Amino acid sequence: MPRLDAHHHLWSQAGIDRGDYPWMPPGGPLPEEYLPDRLAPELAAADVTGTIVVQAAPSVAETRFLLDLAARTEFVLGVTGWLPLEQPDALAELAADPYFVGVRPILQDLPDDDWIGRPEVRPGLLALADAGVRFEALTFTRHLPTLYAVLSDLPELTVVLDHLSKPSYDWEADDGWRAWMGRLAELPNTWCKLSGLLTEVDTGAPVDRFVPYAAFAFDRFGEDRVLFGSDWPVCRLRAEYGDVVRFTEQLVSAAGLGDAEGFWRSNAERCYGVRLR
């Protein structure tokens, strides 16, 4: 079954040298160039034939770089980029590109946990909704109350919650995460990704630790609004691409997934308005 990876990154050595990615840990596997030719064999081995590439730097320049790669790379179907939401006029140029499908401010890194609720941000969110561009949220549980308040007043905006909003993966401690994710799931245009799970816990965590979270996502969002994402190459902090795919296969099976085709492919096609070639 052909698959669609709805969350990975690409970056150049030039971007690293410019300091575009201060979040990268020094050393390790990340401060290296990751371009499409490096990802292609990983995709082929996992039967992934299409992808959505996601920004990793709060920079319009990086977004343009990714759009250029998408235009030259057969498997990249769309780009979730970045723009200053306080300046919605910046959207017009990017939204004209057929590969531009979403905007992601890196909420988890902003000093104000309630930034998304600022009045000056709302015009940018309205502009995204008007343009049919998705809003991606990279959040922790502490961001969810404000996010819910904003999104419940913008039902026309399509929203994707990255990495299950990064719970602690301690079920007893994650009651707040369950409460707010459950409320967000009630918004019909809100989706979530099973992505970036392994990098939130210590190396070697068993699949069983994640099963309640995947089952919760399928139950609350429905199997038709949950997407697969590898988070490559960030996943390499814990596992290689093929390991992530095998882990996810085990996870969704243990969580009782019924619609495998939707999870691995058609949900992302519908969410992002793309089609596997």
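**Notebook: chain overview and Asp162**

I looked up burial for this predicted model and found that buried residues (under 20% relative accessible area, 1.4 Å probe, protein chains only) make up 57% of the 277 residues in the protein chain. Residues are numbered from 1 along each chain as its sequence is written. Local features need pLDDT of at least 70 and side-chain atom pairs pLDDT 80 or more, while totals for chains, interfaces and linings use all residues, and side-chain values use heavy atoms, without hydrogens or water.

Fold. I found ten helices and eight strands in the protein chain, as DSSP runs (helices H or I, at least four residues; strands E, at least two) numbered from the N terminus. The radius of gyration, taken over C-alpha atoms, is 17 Å, close to the 19 Å from the globule rule (2.2 Å times the number of residues to the power 0.38), so the chain is as compact as a globular protein of that length. I noted a C-alpha trace spanning about 45 × 40 × 35 Å along its principal axes.

Asp162. I located Asp162 in the loop between β6 (159-161) and α7 (175-185). Asp162 counts as buried because its relative accessibility is 0%. I listed its contacts (heavy atoms within 4.5 Å): leaving out residues up to four places away in sequence, Asp162 touches His7, Arg104, Glu136, Ala137, Leu138, Lys193 and Ser195. With Lys193, the side chain of Asp162 also makes a polar contact of 3.5 Å, meaning a pair of N or O atoms within 3.5 Å, one able to donate a hydrogen and the other to accept it; residues adjacent in sequence count only if both atoms are side-chain atoms.

Technical notes: Buried < 20%, exposed > 50% of the residue type's maximum accessible area, 1.4 Å probe, protein only.
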